[in-house]
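Hi everyone, thanks for coming. Have a look at the structure on the screen, and I'll talk you through a few places in it.

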Amino acid sequence: QLKQRQKRKKGAISLSRRIVYFAPKPPKKMRRCENVAHLETCKRCGTESIKSVFHCDNRFCPICSRRRSARLVEKYAGAIERYSKEKGLYGSFLTVTYVNTPMLQERKAYTKHIRNLLRRSLWKLFGGIDGGSKNFEVTFSKDGLYHPHVHMLIFTPKPIPSYTNKEGKLVWQNDFNAAVSNAWREITGDSYIVQGMLFDGSVQEMMKYFVKQSDVEKMSDENLEELMLWSKKKRLFEAFGGLRKYVANIQDEEEKKEPCACKECGGLSFERLVLQFDERVGCYLPVDVYDVHYGADVAETGQGPP
């Protein structure tokens, strides 16, 4: 886990050096991102966890993009399970793609395309779309073009007919997948590649990064600058319809939990090892160690966090 963090930290430093010429403010925060980390060992069960002191929250930062994805998985998994079971709905994972382009359209255009697709009458065969979520992603092609696509999780009162393909996945029947493809071509004018499959309960596939680190590395500084300006202050992942209420309820429940407790046993006393990243050697080095006590354990020990 620490080695992976060190790799992402190096990526953040490298990216901060690239964008400093056209975005002077974000690199300062990105370079500080996860400079200090706390390796905490639960005194009750021995479980180890790593917590960071500061994050830049930039969607292009390899550290923060991964954090965001993990938070979304944790937040949506419970909401989706409760939503589908309580309402008796069937989930499908749908990806719609756009043709490769040298320039991204306005965000409103993409939003309008998705809204029009979800309102098509073809969904009435399955009782209509009750709700779901959508996530915008951009990859970078070998010919130097953007490849935008949207991952959607949609829920319907009736299941969409599917079959098992060569990879062992339950994908939509060809005739319905073709109908969605035709509708997508009518809406966009030039894009037609879509793929629908039954939702297997795993939300990781849906929580893709907006742009992968490997694609960031392929981009020229000009492309990267354009993409950063295009995505600035834009919401690229969101729930809609019936699912939105369940996500809000899950969030309220999470806020009531003790955020510092051990995830395995709920313990509140830890041994904390402070680690600091050293750019000269490219790794985290230990600088201090001490005990930390949170919440209820404070009453037992008479101590609090430093």
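Let's start with Gly266: at 31% relative accessibility, Gly266 counts as partly exposed. In these terms, buried is under 20% relative accessible area, exposed is over 50%, and partly exposed is in between, with a 1.4 Å probe and protein chains only. Gly266 sits in the loop between α8 (242-256) and β10 (269-278). The element names come from DSSP runs, helices being H or I with at least four residues and strands being E with at least two, numbered from the N terminus.

Which residues does Gly266 touch, not counting residues up to four places away in sequence? They are Arg44 and Ala261, where contact means heavy atoms within 4.5 Å. Gly266 and Cys42 are 224 residues apart in sequence, yet their C-alpha atoms are 9.1 Å apart in space.

Before going on, a word on where this comes from. This is a predicted model, in which local features need pLDDT of at least 70 and side-chain atom pairs count only at pLDDT 80 or more, while totals for chains, interfaces and linings use all residues. Residues are numbered from 1 along each chain as its sequence is written, and side-chain values use heavy atoms, with hydrogens and water left out.

So how confident is the predictor? pLDDT is its confidence in each residue, from 0 to 100. The chain averages 88, and 93% of the residues score at least 70.

Now, is Ser84 buried or exposed? Ser84 counts as buried, because its relative accessibility is 16%. This serine lies in helix α3 (residues 62-87). Leaving aside neighbours within four places in sequence, Ser84 is in contact with Leu89 and Phe155.

On to the helix pairs. For the geometry, axes are lines fitted to C-alpha atoms, for helices over the stretch in contact, and angles run from 0 to 180 degrees between N-to-C directions. Angles under 35 degrees count as roughly parallel, over 145 as roughly antiparallel, 65 to 115 as roughly perpendicular, and the rest as oblique.

Take helix α1 (residues 2-19) and helix α7 (residues 221-231): their axes come within 10 Å and cross at roughly 95°, which means α1 is roughly perpendicular to α7. Leu15, Arg18 and Ile19 of α1 make the contact with Asp221, Leu224 and Met228 of α7. By class, that gives four nonpolar, no polar and two charged residues. Here Ala, Val, Leu, Ile, Met, Phe, Trp, Tyr, Cys and Pro count as nonpolar, Asp, Glu, Lys and Arg as charged, and the others, Gly among them, as polar.

With helix α2 (residues 25-32), the axis of α1 comes within 9 Å and crosses at roughly 165°, so α1 is roughly antiparallel to α2.

Last pair: helix α4 (residues 107-118) and helix α5 (residues 174-188) have axes that come within 10 Å and cross at roughly 140°, so α4 is oblique to α5. From α4, His113, Ile114, Asn116 and Leu117 meet Val180, Ala183, Trp184, Ile187 and Thr188 in α5. This contact has six nonpolar, three polar and no charged residues.

That's my tour, and I'm happy to take questions.

Notes:
pLDDT is the predictor's confidence in each residue, from 0 to 100.
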